[in-house]
Amino acid sequence: MKILVTYHSVTGNTKKIAEAIYETSSENHEADLKDMNDISMKDFANYDLVFLGSACHDSDLALPVLQLLEQTPSASGFKLAGFVTHASYTSEAGEYEKSMYEQWAGKCIKSFESFAHNNNIKFLGFFNCMGIPSPPIEKFIHDQIVTDKEQWSIYLEIIKKHPDENDLANAREFARAILGQID
Ligand SMILES: Cc1cc2nc3c(=O)[nH]c(=O)nc-3n(C[C@H](O)[C@H](O)[C@H](O)COP(=O)(O)O)c2cc1C
């Protein structure tokens, strides 16, 4: 089985997750790790499984990822697993955190799912974790999203650590679970 781990990452968070997924994927399989800038949708045809990663932009997958998906022909033969880093809380956290995730990052998984559904491609699963935002995005979040002073200091304390070792371990676990579905 041939595996591609590819990602769109502007500030390196999603790349770190991609590297963890690649590390696990390459243990027992032929695997490639590629920046999405270095591939085209035609390359997907060479793989049995594609782990496709994106930074979350404007509450959805980043535009280059959406564009790549749009160009991918139906029933291409590869299976797909998605991963995303975002500056929202993770979906497993409490109510406030969950609604932030839903509003600001919840479209990512839906975009993967609808792409896979519409194109008859098997979607095997999704991983997400927090990723520290760049300074302008941090300012936007402070000004527009996490405006409460106390919430902001809690948020900042948490987000600045991600992705952390635990996220990387979870990403490796995610990769193992996906590989377990097709081995
Ligand atoms: C232009 C831009 C828009 C963003 N929009 C969102 C967003 O809507 N929701 C969110 O949770 N994070 C958003 N972020 C934060 C990034 O998704 C997050 O920091 C991610 O970990 C960055 O990944 P990267 O280092 O791989 O580029 C945005 C970042 C940028 C640069």
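For sorting residues, Ala, Val, Leu, Ile, Met, Phe, Trp, Tyr, Cys and Pro count as nonpolar, Asp, Glu, Lys and Arg as charged, and the others, Gly among them, as polar. Everything shown here is a predicted model, in which local features need pLDDT of at least 70, side-chain atom pairs count only at pLDDT 80 or more, and totals for chains, interfaces and linings use all residues. Residues are numbered from 1 along each chain as its sequence is written.

**View 1. The shell around the ligand.** Let's start with the ligand, which 23 residues surround (a residue is near a molecule if its C-beta atom, placed from the backbone, lies within 6 Å of it). The closest are Ser-9, Thr-11, Thr-14, Ala-55 and Gly-131. By type, the shell divides into nine nonpolar, twelve polar and two charged residues. At least two shell residues come from each of H1, strand E3 (49-57) and strand E5 (79-86). Helices (H or I, at least four residues) and strands (E, at least two) are DSSP runs, numbered from the N terminus.

**View 2. Helix H1 crossing helix H7.** How are two packed helices described? By the angle between their axes and the distance between the axes. Here, the axes of H1 (residues 13-28) and H7 (residues 165-182) come within 8 Å and cross at roughly 45 degrees. Axes are lines fitted to C-alpha atoms, for helices over the stretch in contact, and angles run from 0 to 180 degrees between N-to-C directions. H1 and H7 are therefore oblique to each other (under 35 degrees counts as roughly parallel, over 145 as roughly antiparallel, 65 to 115 as roughly perpendicular and the rest as oblique).

**View 3. Where H1 meets H7.** Look in H1 for Lys-16, Ile-17, Ala-20, Ile-21, Glu-23, Thr-24 and Ser-25, which meet Asp-167, Leu-168, Ala-171, Arg-172, Ala-175, Arg-176 and Leu-179 in H7. Two residues are in contact if their C-beta atoms, placed from the backbone, lie within 7 Å. The residues of this contact divide into seven nonpolar, two polar and five charged.

View 4. Most residues other than glycine have a negative phi, and most peptide bonds are trans. Asp-58, however, has a positive phi, near 50 degrees, and is found in the loop between E3 and strand E4 (60-61). A cis peptide bond joins His-162 and Pro-163, with omega about 0 degrees. Pro-163 lies in the loop between helix H6 (149-159) and H7.
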